[in-house]
Amino acid sequence: MKTRVGVVGLGFFGRILLDVLREIPGVEVVAAYNRTRRASGEVDLRGAGFYDNLEEMFASVPMDAVVIAEIPGNHLVPTQLAAARGIHVFTEKPMANTLEDCERMIEACTRGKVRLMVGFKHRFAKGMAHVKRELPRLGRPLWGMYTYPLWKVPDNGWKFDERGTRGIVVENMVHAFDLMRYFFGDVRTLFAEGDTFVYANTRLPDSAILVARFANGAIGGIGGGCTSEQRVTREYLDLHFEKGIAQVFGMLDQPFQVRILMRDEPLAEEHEYPGSDGIREEMRHFVDCVRENREPACTGEDGKKALAIALATLESVKTHRPVTLG
């Protein structure tokens with residue numbers, strides 16, 4: 001039996017997800033939504049119905065799941081429409097642009113008895129997944145650093161709009177916030193400094209560095225922003241544990257190299273996972289969860305907590321004070 005999927009949002013990343021979905025055996029993309037009709041002539045729909053009205057799409061096309069790649073401020077409505085019809089939901093990061101919308105999305109999916117997954121692809125990259133499997137062997141987390149720089153990306157308006165996504169800290173650095181939670185657990189307090197170094201028409205910081213204290217006592221630092229250059233931009237994750245050290249690195253969004261050193265071993269283990277950026281892995285995981293009606297590895301609560309860290313970072317940058325979460 002085919003797994004019928006709809007796609008909401010046919011921008012740059014929505015089109016990537018559309019193509020990835022079509023690679024998964026047994027998946028049929030049956031409908032696609034975009035706010036402007038222009039996309040209908042730019043995307044190979046391959047028989048999928050095109051809609052520029054969400055209500056019409058959900059009312060007209062039977063679906064098992066929907067993948068939402070809209071502006072974060074527009075994630076709530078398609079989630080509610082889908083959940084009300086028993087359709088499972090995958091939504092791109094950040095989950096929304098307010099914690100209230102996150103809560104409403106979780107409530108809608110709980111009420112509709114459907115699965116809600118948030119798209120943090122880094123969790124599913126094979127290099128990161130390798131480290132996750134090693135956590136019991138590595139022992140108690142001590143401290144970690146994550147460098148996650150970006151270059152000056154085109155400002156298409158919504159990234160620095162309070163109704164869109166509230167800037168680069170929320171739109172891009174949220175990947176790093178989620179991943180540090182993935183390895184070290186919940187953040188208890190943080191202090192951040194940031195500034196607007198690259199974009200002239202916004203007061204939202206385009207670069208920030210924060211120090212966080214986790215609930216388990218570990219500490220972490222995260223730095224990111226738009227001051228790098230695409231041809232040299234690298235991400236680097238360095239995690240220190242009681243029994244070992246784990247490092248994951250590569251070009252931005254290509255964390256293909258892994259190094260693990262156990263403190264009682266003379267040599268480090270080296271691993272490489274070329275091509276695994278997590279996008280295909282997360283889509284396959286979501287489809288499997290839909291087919292088996294099981295909880296995804298990255299839930300609405302995870303999406304909400306990552307957004308909470310991002311918003312707390314903005315607050316700390318603005319007030320120059322530490323912020324306590326939860």
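1. Met145 counts as partly exposed because its relative accessibility is 42%, and partly exposed covers values between under 20% (buried) and over 50% (exposed). Met145 sits in strand β7. The model under review is predicted.

2. The largest pocket holds about 1200 Å³ of space. Its lining consists of 44 residues. Nearest the centre of this pocket lie Phe12, Phe13, Trp158, Lys159 and Glu171.

3. Several elements contribute to the lining of the largest pocket: α1 (12–23), α2 (38–42), β7 (141–151) and α7 (168–171) supply at least two residues each. The most comes from α1, which gives 5 residues. Sorted by class, the lining of the largest pocket has 20 nonpolar residues, 12 polar and 12 charged.

4. The second largest pocket has a volume of about 650 Å³. It is lined by 24 residues, and Ala308, Leu311, Ala312, Leu314 and Glu315 are the closest to its centre.

5. Which helix gives the most to the lining of the second largest pocket? That is α10, residues 300–319, with 11 residues. By class, the lining of the second largest pocket divides into 12 nonpolar, 10 charged and 2 polar residues.

Technical notes:
Residues are numbered from 1 along each chain as its sequence is written. This is a predicted model: local features need pLDDT of at least 70, side-chain atom pairs count only at pLDDT 80 or more; totals for chains, interfaces and linings use all residues. Side-chain values use heavy atoms; hydrogens and water are left out. On a 1 Å grid over the protein atoms alone, a cavity is a set of points where a 1.4 Å probe fits but cannot get out, and a pocket is an open set with protein on both sides within 12 Å along at least five of seven lines; lining residues have an atom within 4 Å of a point. Grid points are joined across faces, edges and corners, and a volume is the space filled by probe spheres set on the points. Helices (H or I, at least four residues) and strands (E, at least two) are DSSP runs, numbered from the N terminus. Ala, Val, Leu, Ile, Met, Phe, Trp, Tyr, Cys and Pro count as nonpolar, Asp, Glu, Lys and Arg as charged, and the others, Gly among them, as polar. Buried means under 20% relative accessible area, exposed over 50%, partly exposed in between (1.4 Å probe, protein chains only).
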